[in-house]
Amino acid sequence: MTKTLYLVRHAKASDSVSPDIVRPLTSSGMIDTARMGRNLSTKISPIDLIITSNAERTQMTTKVLCEQLGIPEEKVYVLSDLYESSPKHYLDAVNAIPANLNHVMIVGHNPSISYFAEYLTHADIGAMPTCAVVGMKIENQAWAEVGKKSGDLIFYDSPESILGYNS
């Protein structure tokens, strides 16, 4: 069975709030997330699980994506290990996904989520802009077996690219 993994960098957050973990999305971040959610709704399979960091900005991004994609709250799992973490924490999260789930989204932070996308796909992702989404398929592997170069990039979208601008 082919599995799909969507890696999402949180949308634009306020710079003026402290401490960092409670920074909310800006109004433009909310708009970008809604637009990205509508775009994703036309191109992805129904999501079985969303794993998100415990930061306010990832939680807000997740909430808007859930609204746009029709994902119920009970499919959201908050994992504090994704906040101020390394790509290894993202890999640990993927490796722990229950085997019966096939379509999973992770909402996290740069630079770790961009590094993780490159690690899995071996594609030249660079620094993902806010609210960017990397979609990949994982063929013939259980989540517990996912590692370096396990994913095949199927798309890389940003709020700018879906509007027809370069990111």
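User: Hi! Which residues of helix 3 are buried?
Analyst: Tyr90, Leu91, Ala93 and Val94 are the buried residues of helix 3. Buried means under 20% relative accessible area, exposed is over 50%, and partly exposed is in between (1.4 Å probe, protein chains only). Helices (H or I, at least four residues) and strands (E, at least two) are DSSP runs, numbered from the N terminus.

User: Thanks. How do those buried residues fall, seen down the axis of helix 3?
Analyst: They fall within an arc of 160°, so they line one face of the helix. The arc is taken from the directions from the helix axis to the C-beta atoms.

User: And what do they pack against?
Analyst: The buried residues of helix 3 pack against strand 1, strand 2, strand 4 and helix 4. Contact here means heavy atoms within 4.5 Å.

User: Before we go on, what kind of model is this?
Analyst: This is a predicted model, in which local features need pLDDT of at least 70 and side-chain atom pairs count only at pLDDT 80 or more, while totals for chains, interfaces and linings use all residues. Residues are numbered from 1 along each chain as its sequence is written, and side-chain values use heavy atoms, with hydrogens and water left out.

User: Good to know. How many residues are in the largest nonpolar core?
Analyst: That core has 27 residues, and Leu5, Leu7 and Trp143 have the most contacts inside it. A nonpolar core is a set of buried Ala, Val, Leu, Ile, Met, Phe, Trp, Tyr and Cys residues joined through side-chain atoms within 4.5 Å. At least two residues of this core come from each of strand 1 (3-9), strand 2 (49-52), helix 3 (87-95), strand 4 (103-108), helix 4 (112-121) and strand 5 (133-138).

User: What does leucine 5 touch?
Analyst: Not counting residues up to four places away in sequence, leucine 5 touches Val94, Val104, Ile106, Phe116, Leu120, Val134, Gly135, Met136, Ile138 and Trp143.

User: Is arginine 23 buried or exposed?
Analyst: Arginine 23 is buried, at 14% relative accessibility. Aspartate 15 is exposed at 66%, and aspartate 20 is partly exposed at 29%.

User: What does alanine 13 touch?
Analyst: Alanine 13 touches Arg23, Pro24, Leu25, Thr26 and Arg57, leaving out residues up to four places away in sequence. Alanine 13 sits in the loop between strand 1 and helix 1 and is buried, with 7% relative accessible area. Its C-alpha atom is separated by 6.2 Å from that of arginine 23, 10 residues apart along the chain.

User: Last one: where is threonine 33?
Analyst: Threonine 33 is in helix 1 (residues 27-41), buried at 0% relative accessible area.
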